[in-house]
Amino acid sequence: MIGFTYSHTHCYLLRSNDREKLLAFDAGWPCSLLEYARGVKAAGYRFDCIRWAIISHFHLDHAGLVRDFQDAGIQCLLFENQGDGIDGMERLIARSHKDYRPIFRDRFLPLRTDESRAFLSSIGIAGEVIRTPGHSDDSVSLVTDAHEALIGDLYPLPQVMDDDEASLGSWAAIRALGARHIFPSHAEPFELA
Ligand SMILES: [Zn+2]
């Protein structure tokens with residue numbers, strides 16, 4: 001898995017069938033494009049190689065650069081459980097970032113999670129995106145056929161409370177897809193027993 005870390009957040013990049021074209025998983029903090037691009041470079045790639053982005057959920061540390069991505073021509077995907085959280089996130093960001101510019105709602109590529117395997121396959125990535133509520137209703141995870149799972153902020157399994165049915169259901173779905181190598185956004189990767 002290609003990735004880099006800044007401001008306590010792991011950002012991931014997946015190679016498509018064209019080495020010059022990457023899919024980003026998550027889009028960094030608001031007003032941090034230079035830091036993000038520096039991280040991409042440190043991982044051995046160029047920011048302008050990123051062509052698509054999947055947002056794990058619309059919180060400011062994961063979707064803060066969506067507008068910058070859009071301005072750079074990156075196709076940002078929006079799944080069927082996503083979108084409702086954008087207003088709240090942007091109100092929060094605007095309080096602390098005067099230079100923040102809002103996301104273009106009409107520039108997303110709307111996609112259903114059950115279409116994600118076909119979409120990813122069309123760009124040479126074997127895997128699928130599933131809805132993984134728990135941390136937030138708009139959370140999704142990307143599970144590859146190489147048994148890797150990018151889970152955003154889904155709580156690591158040992159931290160999930162017994163009555164947190166949403167998170168437990170999400171982990172069951174991740175496990176059912178055969179995921180073993182887990183990549184959270186704010187903790188070190190771990191192996192699923
Ligand atoms: Zn987060």
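User: Which residues are the protein donors of the zinc ion here?

Analyst: Keep in mind that this is a predicted model. The zinc ion takes its protein donors from Asp-61 (OD), His-62 (NE2), Asp-153 (OD) and His-186 (NE2), and they lie 2.1 to 2.2 Å from the ion.

User: How should I read the angles at the metal, and what arrangement do the four donor atoms make?

Analyst: Start with the ideal: four tetrahedral donors would sit at 109.5 degrees. To count as tetrahedral, all angles must lie between 85 and 135 degrees. Around this zinc ion the four donor atoms subtend angles of 87 to 159 degrees, so the arrangement is irregular.

User: How are the donor residues spaced in sequence?

Analyst: The pattern reads D-H-x90-D-x32-H. Asp-153 comes from the loop between strand E9 (148-152) and helix H6 (165-176), while His-186 comes from the loop between strand E10 (181-184) and strand E11 (190-191), so this pair ties together parts that are 33 residues apart in sequence.

User: Are those two buried or partly exposed, Asp-153 and His-186?

Analyst: One of each. Asp-153 is buried, because its relative accessible area is 12%, under the 20% cut-off. His-186 has 38% relative accessibility, so it counts as partly exposed.

User: What is His-186 in contact with, leaving aside its neighbours within four places in sequence?

Analyst: His-186 touches His-8, Thr-9, His-10, Asp-61, His-62 and Asp-153. Two side-chain polar contacts stand out for a look: His-186 to Asp-61 at 2.9 Å, and His-186 to His-62 at 3.3 Å. Check His-10 too: its C-alpha atom is 6.2 Å from that of His-186, although the two residues are 176 apart along the chain.

User: Now the sheet. What is the order of the six strands?

Analyst: The general idea first: strands of a sheet pair through backbone hydrogen bonds, either parallel or antiparallel. Here the six strands form an open sheet ordered E1-E2-E3-E4-E5-E6, and the pairing is mixed. From one strand to the next, the twist averages 25 degrees.

User: How many bridges join strand E2 to strand E3?

Analyst: Four, linking E2 (residues 9-15) and E3 (residues 22-25), and these two run antiparallel.

User: Which strands does helix H1 lie across?

Analyst: Helix H1 (residues 33-42) lies across E1, E2, E3 and strand E4 (50-54), and runs at about 140 degrees to E1.

Notes. Residues numbered from 1 in each chain as written. Predicted model: local features only at pLDDT ≥ 70, side-chain atom pairs only at ≥ 80, totals over all residues. Heavy atoms only, no water. Donors = N, O, S within 2.8 Å, 3.2 Å for Na, K, Ca; no water. Tetrahedral: all angles 85-135°; square planar, octahedral: opposite > 155°, others 65-115°. Buried < 20%, exposed > 50% of the residue type's maximum accessible area, 1.4 Å probe, protein only. Pairing = 2+ DSSP bridges. Axes fitted to C-alpha atoms, helices over the stretch in contact; angles between N-to-C directions. Contact = heavy atoms within 4.5 Å. Polar contact = N/O pair within 3.5 Å; in protein donor to acceptor, adjacent residues only side chain to side chain.
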